[in-house]
Number of protein chains: 2
Amino acid sequence: MSGEIRDAAAVARDLRRIVGDAHVLEPVPAELLQDATETRGVRGSALAAVVPADAEEVAAVVRWAGAQGVPVVPRGGGTGYSGGAVPDAGSVVLSTDRLTGPGRLVPEAWRGTFGAGTTTAEVQRRCLEAGLFFGPNPGSAESCRIGGNVATNAGGPRSFRHGSTRAWVGGLEVVLPGGDLVRLGGDARKSVETLDLLGLVCGSEGTLGVVCEVTLRLQPAPEIALPVLAVYPDRATGLRAIAAVMACGVVPTALEFLDGGALRASAAAFPGGLPDDAAFAVLAEALGTTEVARLEAAALADALADDALALRRPDSRAEVDALWRWRDGVSLAVVAARGGKLSEDVVVPVERLGEALESVDRLGAEHGVPVTSWGHAGDGILHATVLVDRSDEAALAGARGAAHAMLGIAADLGGSLSGEHGIGAVKLAGAATLDPAVLAAQRAVKDALDPRGIMNPGRKLPPG
Amino acid sequence: MSGEIRDAAAVARDLRRIVGDAHVLEPVPAELLQDATETRGVRGSALAAVVPADAEEVAAVVRWAGAQGVPVVPRGGGTGYSGGAVPDAGSVVLSTDRLTGPGRLVPEAWRGTFGAGTTTAEVQRRCLEAGLFFGPNPGSAESCRIGGNVATNAGGPRSFRHGSTRAWVGGLEVVLPGGDLVRLGGDARKSVETLDLLGLVCGSEGTLGVVCEVTLRLQPAPEIALPVLAVYPDRATGLRAIAAVMACGVVPTALEFLDGGALRASAAAFPGGLPDDAAFAVLAEALGTTEVARLEAAALADALADDALALRRPDSRAEVDALWRWRDGVSLAVVAARGGKLSEDVVVPVERLGEALESVDRLGAEHGVPVTSWGHAGDGILHATVLVDRSDEAALAGARGAAHAMLGIAADLGGSLSGEHGIGAVKLAGAATLDPAVLAAQRAVKDALDPRGIMNPGRKLPPG
């Protein structure tokens, strides 16, 4: 980071020469200084925000920043859960809002190219219009941007079968920290002609460059989505149902769970209602051609039926959409329970999900805070969450302690600190406990590609 | 590389102290000094070969090599097509032959861990015994090793639906060039807790470390594989069939093609024979539960049927295996036609496959050499091949010129120099033509992780 205090007005003047007067914001609007970690009190500060029109302007901004030693914080939709796009004082926010272009779809090759600032929902809509399908579906699709999905390697429920964003990316246009605008990968569906720099940028949270354009390897649009939801009287029964799905021979597109707390918080919004004694829910989905999806959904329903209190199999498009809207709304419903939450996206080996959920409960009891979990059961990802009244400072401190302790579940059970949300700013202390040789290797890679340390410094990698 | 001429006997003495007398080979047997590029005359030389018993011994060898400045060339089954594991004089070959361990399978979590020296076929067999499935299937499964599959990011026909090896790897035990033994990823199915060092190692062809153990994210074993093969009177008809498959709504596990030359060379071995006037073949496969695979195979057969001279739909396990044995044998059948071949695995955007095949023909005519192509149509990968009598030096020179010119197809059509085989030694001249900024970035990463330059130097990356 820059060692000197800079004059925001002078910085803005420089940036206006690159992108034009209308596209530099100084002072920076509050909404560009926060992300979803605002619910845990994370707020940033920046000299200015710049909104380049195209990749060439992005490159010019990055070159200027390198020459000046000013940190650059790339920003998509600002929907992150880890503070990865929340700027530190003295930096410049680089918004991808104008990198939306017309895009290019090649239906016969299952390929689409989109500007980084395109919302994920818009990518999904345009793909569907062309008979194609983009699988990753983070809950914030209407706000988040495809460039941010790449930068965080975003996932979501349907990544169980289809993989996180990385699995769908064939090419990237990226401005590297030195200011070079490069293409990594491209229109070819496969390539091993270089080291996998493309994969390295995916999930790097803006620390290795600015993603300007994304070329996606798509699939044919499914004719139908058939989710199956079952609720159970207790966790143990629900975990057996998850195991039954894993053993049924079908790979569902999604395999989700909600424990009792998340289920209660969201039950009122569940289309058609749920039994009062439901204490655990499992959601599996089949997706594809109508014939195949019906066969697979039947197999999933069989696997989920044992000891279920209720089984819901929405069939019409409207019912299916309503179910997923409910699922996407779980996070907000949990927030509403107490006004706030701290949430970690710890990952454990799938067979240890039960142990992880017990650990969450135990940590909640130890810290005297209410906890709940839901997430992507098939991938072993639990959104381990502490409910908190944000106006209660003492409760907030307890919640922070409990949330931090949740990260220990990953180490205890041989998992990962984050499956999808990333490290950003809020998990740096956790990440600092990883193998020092691994940390040194990633630091070496970062320093090699960004010797001036201007690309989103202080994020993703713990201090060297 | 080491600047001094070393005494092989002294090197062997040092290595024997690490791995024991029986596990250092000096002089090095000829079979450890070559790979599949032997058919184009590539042969190597090395001071010694070392065969460590476990990851700790690998780390000790790498630390010794670092201290001595001796290049280390990691080697799996030696089945590569790019000379990536063919050593230069003055180096030490590190064979993974003894890194076979018992492995660990966790069927309920769709996970398996295998020593790097385990053959891919053994991985596939053990997975199937546990009710699981490993998708990548390079033609050399009985010889190649899972560690080599990772190092090259190997693919094969079934990677069209399921992705190359990278998509199946959840964790690696790797000795980094500095001699640290680290775990990247692990038993969690997803992780974004660090930069994607795991992905960086995949496909790095031994230049960033030695893969010692591989943890795979598997899928439930399919009940049945149903390939459908159709032959056509000409290329244009075959290309329309490929487009019809891409438009039919099903994602086949494999979508392969053979042009007239490859088909003629292998026709005698085709189970049940093929029409004499067949000049192009397309092979698509459905794989999964019996019910689903039958539905999908029917859709694929419909898509392939228009204007086909013949359609073959093997249904029994024995017939299906025979068909895939024939497909796996195409490469050798093409070799047999003239005694030798030079083959490139150029990738083009799928919609430009026809142009690429025309370019191969044109280059063959221009260089006065017989050419043929086959490969993974759905991924746009063509094994663009020059047939050659290896005892004819003039013919060999012409063939080399034509093969090198084939690499230009990738650049002309917006593709990639290599989809699966890698750069190794034989494509370095081609790789040197890539964007200098991309080459500089990968060189920076390599130098950061391997400052002494001891891990398979002179491979994958063109000289800096």
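In this predicted model, A:R111 sits in strand β6 of chain A, which covers residues 111-115. A:R111 has a relative accessibility of 8%, and because buried means under 20%, this arginine counts as buried. The side chain of A:R111 is joined to that of A:D187 by a polar contact of 3.4 Å. Leaving out residues up to four places away in sequence, the residues that A:R111 touches include A:R104, A:L105, A:V106, A:L132 and A:D187. Further along the chain, A:T215, A:L216 and A:L218 are also touched by A:R111.

How many residues of chain B are in contact with chain A? There are 76 of them, and they are in contact with 76 residues of chain A. The size of an interface is often given as the accessible area lost when the parts come together. Here the area buried between chain B and chain A is about 6000 Å², and carbon and sulfur atoms give 66% of that area. On the chain B side, the residues that lose the most area to chain A are B:K190, B:V192 and B:L195, which together account for 15% of what that side buries.

Charged and polar pairs also link the chains. The count of salt bridges between chain B and chain A is six. In one salt bridge, the side chain of A:K190 meets that of B:D379, with 2.7 Å from N to O. Across the interface of the two chains, 20 residue pairs are in polar contact. Which elements of chain B supply at least two residues each to the side that touches chain A? Among the helices, α5 (159-162), α6 (197-201), α9 (290-305) and α15 (436-449) do so, and among the strands, β9 (181-185) and β11 (219-220). The largest share comes from α15(B), with eight residues. Sorted by class, the side of chain B that touches chain A has 36 nonpolar, 22 polar and 18 charged residues.

The same surface serves both copies, as 100% of the contact residues of chain B recur in chain A.

Is A:L417 buried or exposed? Its relative accessible area is 5%, so A:L417 is buried under the 20% limit. Apart from neighbours within four places in sequence, A:L417 is in contact with A:D345, A:V346, A:L407 and A:A410, among others. The contacts of A:L417 also include A:I423, A:K427, A:G430, A:A431 and A:L434, and from the other chain B:E193. By contrast, A:A297 is 120 residues apart from A:L417 along the chain, and their C-alpha atoms are separated by 32 Å.

Helix α11 can be followed in both chains. In chain A this helix spans residues 330-338, and its buried residues are A:V330, A:S331, A:A333, A:V334 and A:V335. An α-helix has 3.6 residues a turn, so residues three or four places apart point the same way. The buried residues of α11(A) pack against the helices α8 (260-267) and α10 (317-328), and also against the strands β13 (254-259), β16 (341-347), β17 (371-376) and β18 (381-387) of chain A. After α11(A) comes A:G339, with a positive phi near 100°. In chain B, the buried residues of helix α11 are B:V330, B:S331, B:A333, B:V334 and B:V335. B:G339 follows α11(B), and its phi is positive, near 100°.

A few backbone details complete the picture. The peptide bond from A:E26 to A:P27 is cis, with omega near 5°, and A:P27 lies in the loop between β1 (24-25) and β2 (48-50) of chain A. In chain B, the bond from B:E26 to B:P27 is likewise cis, with omega near 5°. In the segment after α15 of chain B lies B:N456, a residue other than glycine whose phi is positive, near 45°. B:N456 is buried, with a relative accessible area of 2%. B:K460 is found in the segment after α15 of chain B, and its phi is positive too, near 65°. The relative accessible area of B:K460 is 1%, so this lysine is buried.

Methods
Residues are numbered from 1 along each chain as its sequence is written. Chains are lettered from A and ligands numbered from 1 in the order in which they are written. This is a predicted model: local features need pLDDT of at least 70, side-chain atom pairs count only at pLDDT 80 or more; totals for chains, interfaces and linings use all residues. Side-chain values use heavy atoms; hydrogens and water are left out. Buried means under 20% relative accessible area, exposed over 50%, partly exposed in between (1.4 Å probe, protein chains only). Contact means heavy atoms within 4.5 Å. Buried area is the accessible area (1.4 Å probe) that two parts lose on being put together, summed over both. A salt bridge is a side-chain nitrogen of Lys or Arg within 4 Å of a carboxyl oxygen of Asp or Glu. A polar contact is a pair of N or O atoms within 3.5 Å; within protein, one must be able to donate a hydrogen and the other to accept it, and residues adjacent in sequence count only if both atoms are side-chain atoms. Helices (H or I, at least four residues) and strands (E, at least two) are DSSP runs, numbered from the N terminus. Ala, Val, Leu, Ile, Met, Phe, Trp, Tyr, Cys and Pro count as nonpolar, Asp, Glu, Lys and Arg as charged, and the others, Gly among them, as polar.
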